[in-house]
Amino acid sequence: MNKNHRVPSSRSLSAVEVKSKFGAEFRRFSLDRSKPGRFDEFYGLLQHVHRIPNVELLVAYADVHGDLLPINNDDNYLKAVKSANPLLRLFLQRKGKSEMHM
């Protein structure tokens with residue numbers, strides 16, 4: 001057997017690793033895949049993690065094909081979390097700036 005072969009733990013199977021980018025800043029954190037919560041809670045978490053509590057954001061994620069798709073409600077937030085394998089890549093932009101290419 002290959003020494004580098006690792007069997008994922010049950011914790012890693014339930015965790016979604018998130019990498020978010022706002023401007024030139026990157027942040028990493030994880031979510032519980034089985035209980036991701038609601039979009040408004042997630043939105044607040046992004047503002048907190050990036051230390052931008054009063055900034056209105058556009059949030060997008062990169063799907064498996066590399067396309068940027070919006071996250072702006074519970075449905076597409078849950079779809080983004082479910083599709084993360086193994087990483088959910090987020091791109092944040094201030095509302096009112098030139099729109100992201102989605």
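The following exercises, each with a worked solution, concern a predicted model of one protein.

Residues are numbered from 1 along each chain as its sequence is written. In this predicted model, local features need pLDDT of at least 70, side-chain atom pairs count only at pLDDT 80 or more, totals for chains, interfaces and linings use all residues, and side-chain values use heavy atoms, with hydrogens and water left out.

**Exercise 1. Secondary structure**

Task: State how many helices and strands the protein has, and give their order.

Solution. Step one is the assignment: helices (H or I, at least four residues) and strands (E, at least two) are DSSP runs, numbered from the N terminus. Step two is the count, which gives three helices and five strands. Step three is the order: from the N terminus, the elements read α-β-β-α-β-β-α-β.

**Exercise 2. Confidence**

Task: Identify which elements have the lowest and the highest mean pLDDT.

Solution. Begin with the scale: pLDDT is the predictor's confidence in each residue, from 0 to 100. The protein averages 86, and 81% of its residues score at least 70. Among the elements, helix α1 (residues 10-14) has the lowest mean, 58, whereas α2 has the highest, 97. Over residues 5-11 the pLDDT is below 50. Beyond near neighbours in sequence, that stretch has one contact in the model, a contact being heavy atoms within 4.5 Å.

**Exercise 3. Salt bridges**

Task: Find the salt bridges and describe the exposure of their residues.

Solution. First, apply the criterion: a side-chain nitrogen of Lys or Arg lies within 4 Å of a carboxyl oxygen of Asp or Glu. Side chains of opposite charge can pair when their charged atoms come close.

Third, take each pair in turn.

- Arg27 pairs with Glu25 at 3.2 Å, N to O; Glu25 is partly exposed, at 42% relative accessibility.
- Arg38 pairs with Asp40, their closest N and O atoms being 2.5 Å apart. Arg38 is partly exposed at 44%, and Asp40 is partly exposed at 41%.
- Glu56 pairs with Lys95 at 3.9 Å, N to O. This pair links distant parts of the chain, 39 residues apart: Glu56 is in the loop between α2 (39-49) and β3 (57-62), and Lys95 is in the segment after β5 (87-94). Glu56 counts as exposed at 51%, whereas Lys95 is partly exposed at 45%.

How values were computed: Buried means under 20% relative accessible area, exposed over 50%, partly exposed in between (1.4 Å probe, protein chains only).
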